[in-house]
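Before reading on, please keep the sequence and the model side by side.

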Amino acid sequence: MDRIAIIGGARLEGEIPISGAKNSAIKLMAASLLTDEPLRLTNMPRLADTRFLGRLLQRLGAEVVDQDGADGPETVLTTREIVSGFAPYDLVRQMRASFNVLGPLLARTGQAKVSLPGGCSIGARPVDLHLKALEALGARIDLHEGYVYAQAPRGLKGGEISFPFVSVGATEHTLLAAVLAEGETVIGNAACEPEITDLADCLNRMGAKVSGAGTPTIRVTGVSRLTGATHPVLPDRIETGTYALAAAMAGGEVRLTGTRADLITALIEKMREAGVDVAEHADGMTIRRGPERLKAVEITTDPYPGFATDLQAQFMALMTLADGESVIRETIFENRFMHVPELARLGADISVQGGEARVRGVAGLNGAQVMATDLRASVSLVIAGLAAKGETIVNRVYHLDRGFERLEEKLGACGAQVRRLRGEPVEEAAD
Ligand code: EPZ
């Protein structure tokens, strides 16, 4: 199993190009099942998760070709025919987002058998809203032995769905099914995340009729078939925010390119409040932090445009060295403080009660061996390691590889002392 070793203390100076968004790319890949024509996704991130989903799509009948295009990495997915409507437990367990093939399979062929994903390290993460939405579109859903058997022999029909709370995955899943349903679908209390807008844009390029994406009410007028298209994957806002926080933690000046400041407005506001200088420009932003100590600030995670839960662990790492006490409230997932005991191994002073963590800033962190149970928690430990004295070793790097492309190369190019220690290969994922 690979590990990442970081020697803390180096200031970061340079430029980091941001990749396409993992959480958009994997839903866009699933959308390719909706047409028999090629869907070409540009600005594709090359990650363990995208490779993994590519393999599942191949089993369902897709041809998946990774290539270098004029503007960088792209993937072309062509599913002339669905050869199987079965997504087994082993694959869905390893990557929850595999569950999102259910809607497109059902929409295109009228049936699917997809494993329930089960819980994961950050929470129980049920899929009840996904299933209720598919039922509202006329699907018959039966659950047996851990599998969802879904049927819509005469096709899906448009329907009205109003979610009791915001769910990114359920909103995306409903969109993926509704575009080929007969008639109009209205999704109320829809998630407004930029990945939803990206998915809707791609579906519209494929001939779908989706309006209102990015607002709480999305309307879809079903069409009888979708075509191929070319679509650029949205920049990764979580990668953007993570490197912004890394620069703030290590100090120095880092320009993030190929991204958009408006994707992380809530984070930028909090970083400025803490004392970090963020200059926005057309293709990204520049983060500057001098030697002065940052101020502790409070955050509460919320659906977009609120503070992203996927940046909570990284922000907590920054707050471990801030002046004062920072209160961090996690409202999206019930178990997303797994990084706290690991940050404590580096010398952080944090106490947790329910969904609230209190971080009392310390004067310094010290390198240690640490381990994390999910992707964003792992990268928070890398960020902490950048400012810790001595060497920090982050175990279970496969989590990082799922969502951060060439992390050690990108940080290393800015002067960070980060290297990968090679170990036995593992084929593991958890989210
Ligand atoms: C997506 O997960 C992201 N994953 C997560 O990123 C992200 O943290 C999350 O959205 C919130 O922004 C992907 O896009 C692959 P939700 P998702 O449905 O869609 C509950 C990362 O690190 N819920 O908005 O699964 C759920 O348990 C990952 O990249 C139900 O109760 O999130 C959670 O408490 C981690 N029933 C809340 O809703 C349902 O049917 C919000 O989850 C669905 C969700």
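What follows describes a sheet, a helix lying across it, a pocket and a cavity.

The model is predicted, so local features need pLDDT of at least 70 and side-chain atom pairs count only at pLDDT 80 or more, while totals for chains, interfaces and linings use all residues. Residues are numbered from 1 along each chain as its sequence is written, and side-chain values use heavy atoms, with hydrogens and water left out.

**The sheet and its helix**

Helices (H or I, at least four residues) and strands (E, at least two) are DSSP runs numbered from the N terminus, and two strands pair if DSSP finds at least two bridges between them.

Strand β15 (residues 252-257) is joined to β17 (residues 284-289) in the antiparallel sense over 6 bridges, and T257 stands opposite G284 in β17.

**The pocket and the cavity**

On a 1 Å grid over the protein atoms alone, a cavity is a set of points where a 1.4 Å probe fits but cannot get out, whereas a pocket is an open set with protein on both sides within 12 Å along at least five of seven lines; lining residues have an atom within 4 Å of a point. Grid points are joined across faces, edges and corners, and a volume is the space filled by probe spheres set on the points.

| Space | Volume | Lining by class |
|---|---|---|
| Largest pocket | About 1,100 Å³ | 20 nonpolar, 8 polar, 18 charged residues |
| Largest cavity | About 40 Å³ | 2 nonpolar, 3 polar, 3 charged residues |

In these classes Ala, Val, Leu, Ile, Met, Phe, Trp, Tyr, Cys and Pro count as nonpolar, Asp, Glu, Lys and Arg as charged, and the others, Gly among them, as polar.

The largest share of the lining of the largest pocket, 4 residues, comes from α1, and the helices that each supply at least two residues include α8 and α12 (375-387). The largest cavity is lined by T309, Q312, A313, R336, H339, D374, R376 and A377, with α10 (312-319) and α12 giving two or more residues to that lining.
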